[in-house]
Amino acid sequence: MTVRARPDRVVVAITGASGSIYGIRALELLRAIGGTEIHLLLTGPARTTLGVETDHTAAEIEALADVVHPLRDISAPIASGSFPTRGMIVAPCSIKTLSAIATSYSSELVARAADVTLKERRPLVLLVRETPFHLGHLRLMTQVAEMGGIIQPPVPAFYNRPGTITDLVDHSVGRALEHLGFDPPDLARWEGR
């Protein structure tokens, strides 16, 4: 039997919730860290939100990934547990996507890839973007957490004294990438007083 090294891969999904910059920065930071094959899922509503919130085109965002998967392609490699990945980050994660993941409703590839990530006990990090939360949202987040997912709304930290919006975004994204085993450069950490 020949033993091969596992390829280092990560799945990034950008959904239609406000905060597309979180997904963009995740792709940019992964590119800067290097050495990881990036698989991207960009939903239709995310493409709309990109145009509203940023000056980036979908093509520019797709160029940051190594592989871009069509959402209806349930035969994509990331839809199978036999395709090893380091994990998955959904940034931002809409309530619609959270609902699909929480109920294992895999009608599109984002929910299927997330379901595979959970069943294989790999890290799944959801940057849920909604406020305020009602009880239904909280119950969905609880369901995903009980299945092993990591719920990480992008709540800013101020101990690192952010000076720009990019500082705030980078800190949230850096913390999310840590859950996938990355060590983002320049990530400010609490050192105590």
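A cavity is a set of grid points where a 1.4 Å probe fits but cannot get out. In this predicted model, one cavity of 30 Å³ or more is present. The largest cavity holds about 40 Å³ of space.

The lining of the largest cavity consists of Val 11, Ile 78, Ser 80, Phe 83, Thr 85, Ala 113, Val 116, Thr 117 and Arg 122. Helix H5, which spans residues 109-119, supplies the largest share of this lining, with three residues. By class, five residues of the lining are nonpolar, three are polar and one is charged. Arg counts as charged, and Arg 122 is among the lining residues.

A helix pair was also examined. Helix H4 covers residues 95-102 and helix H6 covers residues 135-146; their axes come within 9 Å and cross at roughly 45°. Angles under 35 degrees count as roughly parallel, and those from 65 to 115 as roughly perpendicular. H4 and H6 are therefore oblique to each other. The crossing in which H4 passes H6 is left-handed.

On the H4 side, the contact is made by Ile 95, Leu 98, Ser 99, Ile 101 and Ala 102. These residues meet His 137, Leu 140, Met 141, Gln 143 and Val 144 in H6. The contact of H4 with H6 comprises seven nonpolar and three polar residues, and no charged ones.

Note on methods: Residues numbered from 1 in each chain as written. Predicted model: local features only at pLDDT ≥ 70, side-chain atom pairs only at ≥ 80, totals over all residues. Heavy atoms only, no water. Axes fitted to C-alpha atoms, helices over the stretch in contact; angles between N-to-C directions. Helix = DSSP H or I, 4+ residues; strand = E, 2+ residues; numbered from the N terminus. Parallel < 35°, antiparallel > 145°, perpendicular 65-115°, else oblique. Left-handed = near helix turned anticlockwise from the far one by under 90°. Contact = heavy atoms within 4.5 Å. 1 Å grid on protein atoms, 1.4 Å probe; cavity = no way out; pocket = protein on both sides within 12 Å on 5 of 7 lines; lining within 4 Å. Points joined across faces, edges and corners; volume = space filled by probe spheres on them.
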